[in-house]
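Colleague: Before I rely on any of the terms used for this protein, I would like to hear what stands behind them. Could you take me through them one at a time?

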Amino acid sequence: MAGRVSRRGMLGLGAAAAGLGVASLAGRASASTPTFTPLPADARPRPVPAEGYILDRIGDAMYAVTAGGNQSAFVVTKAGVVLIDAPPSLATALPAAIKRVTAKPVTHIIYSHSHADHIANAKAFGDVVRVSHVDTAATVKANRDPNRPMPTTTFTDRRVLHVGGHAFELSYPGPNHEAGNIIVNVPRERAAVMVDVVLPGWSPFKAWGTADSVPGVLRAHDVLSRLDIDTFVGGHVHRLGTPADIRTSRDFTYDLWDTTNRVVGQTRLADFTAQVEPGNNWAAFQLYYDAIATRAEAEIRQRWLGKLAGVDVFTRDNIITIAVSLLLDAPKDIS
Ligand SMILES: [Zn+2]
């Protein structure tokens with residue numbers, strides 16, 4: 001999504017710079033559309049075949065389907081097809097992709113987490129086994145969305161699901177992007193899926209997609225970086241990932257955390273309290289967080305611009321999210 005915005009920004013700028021004789025239009029576009037850094041080569045969209053989605057094969061029997069910046073995966077076992085998520089944006093692509101590689105029916109859906117953009121087409125797959133973390137079941141129940149039917153079975157810390165010769169190692173690293181967001185490891189295909197935490201080639205989405213726990217996002221990176229895998233599926237943007245992508249995302253996220261932590265330590269809230277009406281605490285915090293973001297963002301841009309996509313888009317917001325997390329979550333296990 002951010003990639004498209006960025007490309008549009010570049011196109012708008014290109015038209016203005018080329019002086020195409022639409023001065024008023026170009027002027028308006030350049031005044032209202034921020035200029036974004038071009039995407040690094042390995043973050044750009046891949047060509048999409050005529051069928052409208054990209055089907056990647058992972059190992060022998062696992063596949064990922066990618067379209068429009070969204071991604072899910074499935075495994076063809078001897079007993080049937082196991083889906084990992086059912087995104088509404090892939091409502092046509094996913095069944096079509098499955099049909100291309102097997103005549104077997106879908107027998108299971110593993111919910112990565114409760115968010116609608118990943119599982120709100122689950123109902124379309126009918127009466128199948130649905131597996132999730134117990135916290136995901138609670139959120140699904142609370143949100144009362146008929147397109148996200150309740151899981152039929154849940155787990156708390158770990159569960160190994162055996163289906164038709166494949167083991168699916170489900171594990172929970174604690175609250176992260178969302179409470180209940182799990183890791184699905186498929187050892188036979190040397191691949192793992194964790195959604196909305198590592199986005200291969202990209203810096204994090206705004207506030208890690210309303211992360212329930214920012215420290216938990218860092219801890220999830222630690223767990224992912226210890227997996228013995230070749231392929232990683234992150235649930236968004238344009239391609240599959242590798243252990244190197246997990247390491248890079250971990251390095252970036254820790255750098256963001258550490259830099260923000262250091263700048264917070266060098267910034268005094270009292271300096272800003274003195275600049276606003278006495279008692280307007282929100283205004284003081286706003287100035288304080290703005291000052292922290294300006295200083296920390298300059299450092300992060302210097303080190304990371306051009307290495308990961310979107311560093312110039314959400315980094316400022318993500319610094320402020322970390323600054324609030326440092327105040328409220330105040331984790332003692334992260335440097
Ligand atoms: Zn999500």
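Modeller: Let me begin with area: accessible areas come from the Shrake-Rupley method with a 1.4 Å probe. By that method the protein, which is a predicted model, exposes about 15300 Å², and carbon and sulfur atoms supply 55% of it.

Colleague: What share of the residues in the protein is buried?

Modeller: Buried means under 20% relative accessible area, and 51% of the 335 residues fall in that class.

Colleague: Why are strand 8 and strand 9 called paired?

Modeller: Pairing requires at least two bridges, and 6 bridges join strand 8 (residues 158-163) to strand 9 (residues 166-171), so the two count as paired, in the antiparallel sense. Arg-158, for instance, stands opposite Ser-171 in strand 9. The two strands form a hairpin with 2 residues between them, and Gly-164 in the turn has a positive phi of about 45°.

Colleague: How do you know that strand 9 also pairs with strand 10?

Modeller: Strand 9 and strand 10 (residues 183-186) share 3 bridges, and at least two are needed, so this antiparallel pair also qualifies. Within it, Glu-169 has Asn-185 of strand 10 as its bridge partner.

Key
Residues are numbered from 1 along each chain as its sequence is written. This is a predicted model: local features need pLDDT of at least 70, side-chain atom pairs count only at pLDDT 80 or more; totals for chains, interfaces and linings use all residues. Side-chain values use heavy atoms; hydrogens and water are left out. Buried means under 20% relative accessible area, exposed over 50%, partly exposed in between (1.4 Å probe, protein chains only). Helices (H or I, at least four residues) and strands (E, at least two) are DSSP runs, numbered from the N terminus.
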